[in-house]
Amino acid sequence: MEQVFVYGSLKQGNSTRGMQHFPNSQFVGVARTKRALYKMVDLGSFPGVMIIEDDGSEYVEKGYQIEGEVYSVTDEDLEQLDAIEGVPNFYDRARVSTTRGDVFMYLLPNGGEYDTAPTHEDRREVVFADQTGRTEEIGIPASPFIGLTPVSGDRSGGILTWLK
């Protein structure tokens, strides 16, 4: 059995993809990532999480922790989860450290394709406008489905949770 950390539409209770649809899976408990390396984006009906990188290679603790659930799953369930998550064409599956130990987590690549996706805060981004051939600054409103819990005395930005 392997352990997997889920943070969005795979959490228990989601009628479409929740882990209750995997009868061999066992709920281990609620957890969060140990390190503040991540950001969460709203992709519509589900979130995505990516590692924030500095210069494309150095991981820095300037992001957020992610809250989710850990499950023990069979190899067959893990293969099915990989198919649902589109590994390796959409998400990547990577080992991360959580408050429940080292587990697998599904992560988006951080190649810029999600720069305009909503996050937990209102923000501005500079983007290239195909129609004009110029860069322009656009406003991106916060997602109502990503919650931020500040952590006092912690060097991270806080804990992000998918609320849908």
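Modeller: The rule for accessibility: a residue is buried under 20% relative accessible area, exposed over 50%, and partly exposed in between. The model to which we apply this rule is a predicted one.

Biologist: Why is Phe 90 called partly exposed?

Modeller: The relative accessibility of Phe 90 is 28%. Buried requires a value under 20% and exposed a value over 50%, so a residue in between is partly exposed. Phe 46, at 21%, is likewise partly exposed. Tyr 91, with a value of 3%, is buried.

Biologist: What makes Phe 46 and Phe 90 an aromatic pair, and how is its geometry classed?

Modeller: The ring centres of Phe 46 and Phe 90 are 6.2 Å apart, and their planes form an angle of 80 degrees. A pair needs centres within 6.5 Å, and planes over 60 degrees apart count as edge-to-face. Both conditions hold, so Phe 46 and Phe 90 form an edge-to-face pair.

Biologist: How do you know the class of the pair formed by Phe 90 and Tyr 91?

Modeller: Their centres lie 4.9 Å apart and their planes are at 90 degrees. The distance is within 6.5 Å and the angle is over 60 degrees, so this pair too is edge-to-face. Phe 46, Phe 90 and Tyr 91 form one aromatic cluster together with Tyr 114. The structure holds five aromatic pairs.

Biologist: What makes you say that the charged end of Arg 93 sits over the ring of Phe 104?

Modeller: The charged end of Arg 93 is 4.4 Å from the ring centre.

Biologist: Why is the contact between Arg 95 and Glu 2 called a salt bridge?

Modeller: The closest N and O atoms of Arg 95 and Glu 2 are 2.9 Å apart. The cut-off between such a nitrogen and a carboxyl oxygen is 4 Å, so the pair qualifies. Arg 95 is in strand 8 and Glu 2 in strand 1, so the bridge ties together parts 93 residues apart in sequence. Both residues are partly exposed: Arg 95 at 46%, Glu 2 at 24%.

Biologist: Which salt bridge involves Arg 93?

Modeller: Arg 93 meets Asp 82 at 2.8 Å, N to O. Asp 82 is in helix 1 and Arg 93 in strand 8, 11 residues apart. At 13%, Asp 82 counts as buried, whereas Arg 93, at 30%, is partly exposed.

Biologist: How do you know that Glu 137 and Arg 124 belong among the salt bridges?

Modeller: Their closest N and O atoms are 3.5 Å apart, and the limit is 4 Å. Glu 137 lies in strand 11 and Arg 124 in strand 10, 13 residues apart.

Biologist: Why is Lys 39 called buried?

Modeller: The value for Lys 39 is 19%, and buried means under 20%. Lys 39 lies in strand 3. Leaving aside neighbours within four places in sequence, Lys 39 is in contact with Gly 48, Val 49, Met 50, Ile 52 and Leu 160. The C-alpha atoms of Lys 39 and Met 50 are separated by 5.7 Å.

Biologist: What makes the approach of Ser 143 to Asp 42 a polar contact?

Modeller: The two side chains come to 2.5 Å, and the distance limit for a polar contact is 3.5 Å. A polar atom of the Ser 143 side chain also lies 3.0 Å from the backbone nitrogen of Phe 145. Ser 143 is found in the loop between strand 11 and strand 12. With a relative accessible area of 6%, Ser 143 falls under 20% and is therefore buried.

Methods
Residues are numbered from 1 along each chain as its sequence is written. This is a predicted model: local features need pLDDT of at least 70, side-chain atom pairs count only at pLDDT 80 or more; totals for chains, interfaces and linings use all residues. Side-chain values use heavy atoms; hydrogens and water are left out. Rings of Phe, Tyr and Trp (its six-membered ring) pair if their centres lie within 6.5 Å; planes under 30 degrees apart count as stacked, over 60 as edge-to-face and the rest as tilted. Buried means under 20% relative accessible area, exposed over 50%, partly exposed in between (1.4 Å probe, protein chains only). A charge sits over a ring if NZ of Lys or CZ of Arg is within 6 Å of the ring centre and within 35 degrees of the ring normal. Helices (H or I, at least four residues) and strands (E, at least two) are DSSP runs, numbered from the N terminus. Contact means heavy atoms within 4.5 Å. A salt bridge is a side-chain nitrogen of Lys or Arg within 4 Å of a carboxyl oxygen of Asp or Glu. A polar contact is a pair of N or O atoms within 3.5 Å; within protein, one must be able to donate a hydrogen and the other to accept it, and residues adjacent in sequence count only if both atoms are side-chain atoms.
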